[in-house]
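Here is a short briefing on one protein model. Keep the sequence and the structure side by side as you read.

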Amino acid sequence: MKNISESYSFFDFLEKKDLEKLKDISFKKNYKKDEILFYRGDESKYLHLLSKGIVKLYTHDIKENEVVIHNLVAPSLVAEIMNYEDMNFLANCSFETDGEVILIDYKRFKEKFLEKPEISMFFIKSLTKKIKYLENFINYNVTLNSMEKIAKFLLENEEHLLNLKQVKIAKLLNITPETLSRQLAKLKKDAVIENEKGYIRILDHKKLGFYKASF
């Protein structure tokens, strides 16, 4: 890592000497799409900083169906709560794209950095985001029905829809492709969305909000 601040710019609030210390306890690794970053049960000896690409955290239900918990886009810490709590990973993590990760020796990181107020605040903010992600995951998979899930997802991820095929959206929402297709057909019939070649475009945000609120 010739220039560590370029590898993860959100640590640029640290002084130069501290960045150099961070460099000494870190190393960079490149991954290909579909490669595994870690498996459920692996020891959390490294703090994983996703510096390039997208990863997904996932597990499996009792029928061995894949359940996607969250997708993380660089730059982001990955499952840092496991490091903080000294626990083995509770989910699997794999790459949705080619990517790059900075692996930081967590034991040494804890000794040298965690007592710093700016690092503690950084951790708190990152963990708070993860809690919000968990709340959304619970809402999607426990509280909401399929139409609510779909409407909520489309409204909150509109800028990504041209890059997401339906099969991917179904996985993210933990619903079957058939269920997604059926509900999208209803939205298309009601002129709420346009659905061409597997990609979705919102035509009527107000109506879509109604579906979100009323199902």
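Asparagine 145 is partly exposed, with a relative accessible area of 34%. Partly exposed lies between buried, under 20% relative accessible area, and exposed, over 50%, using a 1.4 Å probe and protein chains only. The model is predicted: local features need pLDDT of at least 70, side-chain atom pairs count only at pLDDT 80 or more, and totals for chains, interfaces and linings use all residues. Residues are numbered from 1 along each chain as its sequence is written, and side-chain values use heavy atoms, with hydrogens and water left out.

**Around asparagine 145**
- Asparagine 145 sits in the loop between helix H5 (117–143) and helix H6 (146–156).
- Helices (H or I, at least four residues) and strands (E, at least two) are DSSP runs, numbered from the N terminus.
- The asparagine 145 side chain reaches the backbone nitrogen of methionine 147 at 3.2 Å.
- Isoleucine 175 is 30 residues from asparagine 145 in sequence, and the two are 9.9 Å apart in space, C-alpha to C-alpha.

**The whole protein**
- The protein has nine helices and 10 strands.
- Of its 215 residues, 44% count as buried.
- Contact means heavy atoms within 4.5 Å.
- Among contacts with a separation of 6 or more, 68% join residues 24 or more positions apart.
- The protein exposes about 12500 Å², and carbon and sulfur atoms supply 52% of it.
- Accessible areas come from the Shrake-Rupley method with a 1.4 Å probe; for residues, only the protein chains shown count as cover.

**Helix H2**
- In helix H2 (residues 16–24), Asp18, Leu19 and Leu22 are buried.
- These three cover an arc of only 105° around the axis, so they lie on the same side of H2.
- The arc is that of the directions from the helix axis to the C-beta atoms.
- Lys16, Lys17 and Asp24 are exposed on the other side of H2.

**Nonpolar cores**
- A nonpolar core is a set of buried Ala, Val, Leu, Ile, Met, Phe, Trp, Tyr and Cys residues joined through side-chain atoms within 4.5 Å.
- The largest has 22 residues, of which Ile150, Phe153, Leu154, Ile169, Leu184 and Leu187 touch the most other members.
- Two or more residues of this core come from each of H6, helix H7 (166–173), helix H8 (177–189), strand E10 (199–202) and helix H9 (205–214).
- H6 gives the most to this core, with five residues.
- A second, separate core of 18 residues includes Leu19, Ile25, Leu77 and Ile102.
- Isoleucine 169 touches Phe153, Leu161, Leu164, Leu180 and Ile200, not counting residues up to four places away in sequence.

Key:
Polar contact = N/O pair within 3.5 Å; in protein donor to acceptor, adjacent residues only side chain to side chain.
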